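Me: Hi! I have a structure open here and would like to talk through a few local details. Could you help me look at it?

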Amino acid sequence: MRKILVADDDPTILALLATALGKNYRITVATDGKEAIKKALEEWPDLIITDVVMPKKNGFEVCSTIRFNSQLCDVPIIMLTGLGRDEDKLQGFRMGADDFIVKPFSVPDLKQCVERLLERSTRVEEKRLPIWEGAQEIPKDRIPIGIKKVDALIGGGLPIGANILFIGPVGSGKSSFCRNFIVEGLKRYEKCMIVAIDDNPAMVRKKLEGLLGRPPLDYYEVRKLFTMVDAYSWSAGIERPKAKVAAEGLENINHLARAIADAGIELGQNPMERMGGRRVLDSISTLFINFPLDLILHFLTQLSRATATQGGVTTIFVLEEGTVEEKVINNVKYLMDGVFEYRVENGKTLFRVASMKWIQVPNQWINLA
């Protein structure tokens, strides 16, 4: 749910706007300008509605402060005030307001203004090219992982649309690696999906939040840049927690395939929109425990071959070492464009690219510590 910060020293106005907008948006209120700025920096609202005449700091000062903050400068601002002179409106626009509404006001007109500004800001964010360290060094046909040593090893990143099998012992750090991969994508405004099979989605979210910092994960979710498929609950045989997309029923792997496809439709990773992006399945070891081998290989074949038709989705399939026979692993490797390996030795986390089909990569072990 998108967030709106409302700043006004009149409790009647605060109550009115909370009632009018609270069904569709998460409302945060502030009773003076100083508090409005503080909460804007804490809450990262998607839109701000502010009065002009307020204690401590007025609405013009609030607007100016927001516009000079590099992280909040694009947030739409509506000034809702009893000041109706032309010079007041001009001053509001000079300070960076997107719209200026005079009290008394029409609630339907305000709602329409809110919807219009939020829709516009979403379109701008989708087109914006984010800036990241060393961006000019990354080839256009590569997708960086977000771990400097690994990206340097593979020439700047993975080929777009590659399918990677990631093998290593339980607890060696593969999931952490994959979370960095997803966070890097979110920071670049790429479409990202996690299929949580072995880890509780709530814990995955918590880990991602810790890596992301600000803005939080729901910032990307409401903009349809991130989604998570909950395949953990049915694989663990427990009650499903709240999630947008979930696989139901342990008896048929097609349920998981359908859940991933539904999430792809919502995210834009589908043959119609072809938005591409990133995807992680963590981990496919559970599938080998619950389903016949031929069904699993068919599922992985269909998923890996579909990446091109979805705009080049780069996918990492995590596999726990020792859970599957070597012969089976070789069958899975045949479907992949590359194989990553992890191991822990003398307290060190070691990584290597065991094979890559489309690029030349040295296969020596490197220390990621």
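This is a predicted model: local features need pLDDT of at least 70, side-chain atom pairs count only at pLDDT 80 or more; totals for chains, interfaces and linings use all residues.

Me: Thanks! And which residue follows α11?
Reply: That one is Gly268, with a positive phi near 105°.

Me: Back to α8. What happens at its start?
Reply: A side-chain oxygen of Asn200 comes to within 2.9 Å of the backbone nitrogen of Ala202 there.

Me: How far apart are the end C-alpha atoms of α8, and what span should its twelve residues have?
Reply: The helix runs over residues 201-212, and at 1.5 Å a residue it should span 16 Å. The end C-alpha atoms are 16 Å apart, so the two agree.

Me: Which residues of α8 are buried?
Reply: Pro201, Val204, Leu208 and Leu212 are. Viewed down the axis of α8, the buried residues fall within an arc of 70°, so they line one face of the helix.

Me: Why would that spacing give one face?
Reply: An α-helix has 3.6 residues a turn, so residues three or four places apart point the same way.

Me: Nice. What is on the face turned away from the buried side of α8?
Reply: Lys206 and Gly210 are there, and they are exposed.

Me: How does α7 pack with α8?
Reply: α7, residues 174-187, meets α8 at an angle of about 55°, and the axes are 10 Å apart. That angle makes α7 oblique to α8. As for handedness, the α7 and α8 crossing is right-handed.

Me: Changing topic: where are the cis peptide bonds joining Lys103 to Pro104 and Asp282 to Ser283?
Reply: Pro104 sits in the loop between β5 (99-102) and α5 (107-127), and omega for the Lys103 and Pro104 bond is about -10°. Ser283 is in the loop between β12 (277-282) and α12 (285-290); omega for the Asp282 and Ser283 bond is about -5°.

Me: What about Tyr189, which is not a glycine: what is its phi?
Reply: Its phi is positive, about 60°. Tyr189 belongs to the loop between α7 and β9 (192-196).

Me: And Lys224, what is its phi near?
Reply: Lys224 has a positive phi near 55°, and this residue is not a glycine either. It is found in the loop between α9 (217-222) and β10 (226-230). With 45% relative accessibility, Lys224 counts as partly exposed.

Definitions and conventions: Residues are numbered from 1 along each chain as its sequence is written. Side-chain values use heavy atoms; hydrogens and water are left out. Helices (H or I, at least four residues) and strands (E, at least two) are DSSP runs, numbered from the N terminus. The expected span of a helix is 1.5 Å times one less than its number of residues. Buried means under 20% relative accessible area, exposed over 50%, partly exposed in between (1.4 Å probe, protein chains only). The arc is that of the directions from the helix axis to the C-beta atoms. A polar contact is a pair of N or O atoms within 3.5 Å; within protein, one must be able to donate a hydrogen and the other to accept it, and residues adjacent in sequence count only if both atoms are side-chain atoms. Axes are lines fitted to C-alpha atoms, for helices over the stretch in contact, and angles run from 0 to 180 degrees between N-to-C directions. Angles under 35 degrees count as roughly parallel, over 145 as roughly antiparallel, 65 to 115 as roughly perpendicular and the rest as oblique. A crossing is left-handed if the near helix is turned anticlockwise from the far one by less than a right angle, and right-handed if clockwise.
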